[in-house]
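Please keep the structure in view while reading.

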Amino acid sequence: MKSKHPSVIQIIRHVVQFVAFLLFPELFITVIHALGNVVTALTNGEFSFHTLSSQLITIAAVFLMTAVWGRFFCGYLCSFGALQEFFFWISQKLPHKKNIIPARLDQILQYLKYLVLAFIAVVLWMMALPMDASLSPWGTFGMLISGNLSVMAAAVRTWGFVLLLVFLIGSLLVERFFCRYFCPLGALFTLISGKRCYKIRRDESTCIHCGLCEKACGMGVSILKKDVVSSGKCIDCMQCLTICPKECLSANPAPAVAGTAAAITMCGLVQIGNLTVQDDTTTLGVYHFAQSETGNYVDGVYTGVGAGFRGDTEVQVTVENGYITDITVLSYEDDTKFFQEAQSSILNQILSEQSIDVQNVSGATFSCNSIIDAVANALGIEKQAEEGDVVQPDDQQEDNNSTLELSSIADGTYQGEGEGFRGTISVSVTVENGKITDITVVSYEDDESFFVRAEDTIISEIINAQSLDVSCVSGATFSSNGILEAVADALNVDFDNPNQYSAHEGGHGKGKFGKRGH
């Protein structure tokens, strides 16, 4: 059936894209995360229909609908794709020299997305080799749309942000630059949608071979040489139908109806998958550990807070006979599907190991870190103490901050190091006229989202107070203490870092690193 009002198709499509961007901006990340979890579980022999029910429903919804109807996910629902379209639309409104990639080069570049897919599937999913989440451009995209200002600020300081900028700049020159050449999901969709039932047909008798349809195609699909467009590259955007002056291109059923129906069906099934997870975990997590011997922690009930992807995670930790016996998640603001995966794994590991030095869940890094940081915040530790040591919560430790005595320190620039949550923090401290005038962070190993929160506050407070007697940033205690220790080390000032507190050592102390100099 030929569409009599082709412009309506694009109006409906853009409305669906806009709504999807507002309601499901993370849908691309959700699908690739679900696929990764299933592949990893199969590789490790840990596949379970019950555990992976949400992921399996998501995969079935998107991939089966794509096999039958085509790539409506890409043309209607993918916010990453919609953003690229928007950038290309902007470029067309500006005066510029038209960029045309030669057809042969375009064909060669389109194989890159299969290499990206192979790398992710083999190296990250099957071999489970560690890779910094900050390198992912779609992960960075998710951080930027999270609504969490500290997470958004951390995103712009990652290599993933640089890659995202490259793809968006590319989209100014080539429509859907990332989709064409680099998208791993696009590679899969291309393979499975080639035999779809829903196809665009060309009426040879009315076609005047003007070529406008191929010029309008954002994916570079060949249209003029075939009576039926069945290429797996087609994202069902219907730009070709919209621009055809003779209306010789058609689809049955009507494109707008099919696209909208497919989009609604996909979203509905994905949401059912999410509700499946939520129904199994209506109450927040409560995890228990029992041990008869005396452990290393001080008995009591403590609460702590850690920063997650969309907001804070709060936990309650119970210590009995020196052991962590119960951890209850009191509240969280992250997406349920990611948080529940992190919660079930991380808290059981903490209780089993009696330590927060545990392995993150792939694809749920922020939620994992928020739980770890919350438990650590409750107990006032960075890692499990050595055997025989007693670890005390922050409120039971003595105040380790020291007032700076700068009168005896010569003007100059000094270097120092301190221990943060995940490793060493290095700083450079400048003293002029007997006052600290500048503190520059040279390097750090803590998670970016937490460290930035500490860095932005602690450094300005030290300079303003000319003292280490400042308050740590809530939710970023370890990074705060690491910065304080690094400044103290640079200036050769006594400072006991609670991050390394133990009954035997009691902190780093004065002049441990000995890097002070002009």
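## How helix angles are named

The model discussed here is predicted.

## H2 against H12

The axes of H2 and H12 cross at roughly 75° and come within 10 Å. The two helices are therefore roughly perpendicular to each other. From H2, the contact uses Phe 28, Val 31, Ile 32 and Leu 35. From H12, Pro 184, Leu 185 and Leu 188 take part. Sorted by class, this contact has 7 nonpolar residues, no polar and no charged ones.

## H2 against H3

Helix H2 covers residues 27-44, and helix H3 covers residues 53-69. Their axes come within 9 Å and cross at roughly 120°. That angle makes H2 oblique to H3. The crossing is left-handed.

On the H2 side, Thr 30, Val 31, Ala 34, Leu 35, Asn 37 and Val 38 make the contact. On the H3 side, the residues are Gln 55, Leu 56, Thr 58, Ile 59, Val 62 and Phe 63. The contact of H2 with H3 divides into 8 nonpolar residues, 4 polar and no charged. As background, an α-helix has 3.6 residues a turn, so residues three or four places apart point the same way.

## H3 against H12

H3 and H12 pack with their axes 8 Å apart, at an angle of about 45°. That makes H3 oblique to H12. H3 passes H12 in a right-handed crossing.

Val 62, Phe 63, Thr 66 and Ala 67 are the H3 residues in this contact. They meet Leu 185, Leu 188, Phe 189 and Ile 192 of H12. By class, the contact of H3 with H12 has 7 nonpolar residues, 1 polar and no charged.

## Leu 185

Leu 185 lies in helix H12, which spans residues 184-192. Is Leu 185 buried or exposed? Its relative accessibility is 1%, so Leu 185 counts as buried; the cut-off for buried is under 20%.

Which residues does Leu 185 touch, leaving aside neighbours within four places in sequence? They are Phe 28, Val 31, Ile 32 and Phe 63. Leu 185 is 153 residues from Ile 32 in sequence. In space, the two are 7.1 Å apart, C-alpha to C-alpha.

## The S8-S9-S10 sheet

Three strands form an open sheet in the order S8-S9-S10, with antiparallel pairing. S8 (412-419) and S10 (435-443) are the edge strands, each with a single partner, so one side of each has no neighbour in the sheet. The twist averages 25° from one strand to the next. S9 (residues 424-432) is joined to S10 by 7 bridges. Ser 426 stands opposite Ser 443 in S10.

Helix H19 (residues 477-491) packs on this sheet. H19 touches S8, S9 and S10. The direction of H19 makes about 140° with that of S8.

## Val 431

Val 431 belongs to strand S9. With a relative accessible area of 1%, Val 431 is buried. Leaving aside neighbours within four places in sequence, Val 431 is in contact with Ile 409, Ala 410, Asp 411, Gly 412, Tyr 414, Ile 436 and Leu 491.

How far apart are Val 431 and Asp 411 in sequence and in space? They are 20 residues apart in sequence, and their C-alpha atoms are 4.9 Å apart.

## The S5-S6 hairpin

Strands S5 and S6 form a hairpin, with 4 residues between them. S5 covers residues 300-307 and S6 covers residues 312-320. The two strands run antiparallel and are joined by 8 bridges. Val 301 has Thr 318 in S6 as its bridge partner. In general, strands of a sheet pair through backbone hydrogen bonds.

## Helix H8

How many of the 8 residues of H8 are buried? In this helix (residues 137-144), 6 of 8 are buried, leaving H8 mostly covered. The buried residues are Pro 137, Trp 138, Thr 140, Phe 141, Gly 142 and Met 143.

Key. Residues numbered from 1 in each chain as written. Predicted model: local features only at pLDDT ≥ 70, side-chain atom pairs only at ≥ 80, totals over all residues. Heavy atoms only, no water. Axes fitted to C-alpha atoms, helices over the stretch in contact; angles between N-to-C directions. Parallel < 35°, antiparallel > 145°, perpendicular 65-115°, else oblique. Left-handed = near helix turned anticlockwise from the far one by under 90°. Contact = heavy atoms within 4.5 Å. Nonpolar A, V, L, I, M, F, W, Y, C, P; charged D, E, K, R; others polar. Pairing = 2+ DSSP bridges. Buried < 20%, exposed > 50% of the residue type's maximum accessible area, 1.4 Å probe, protein only.
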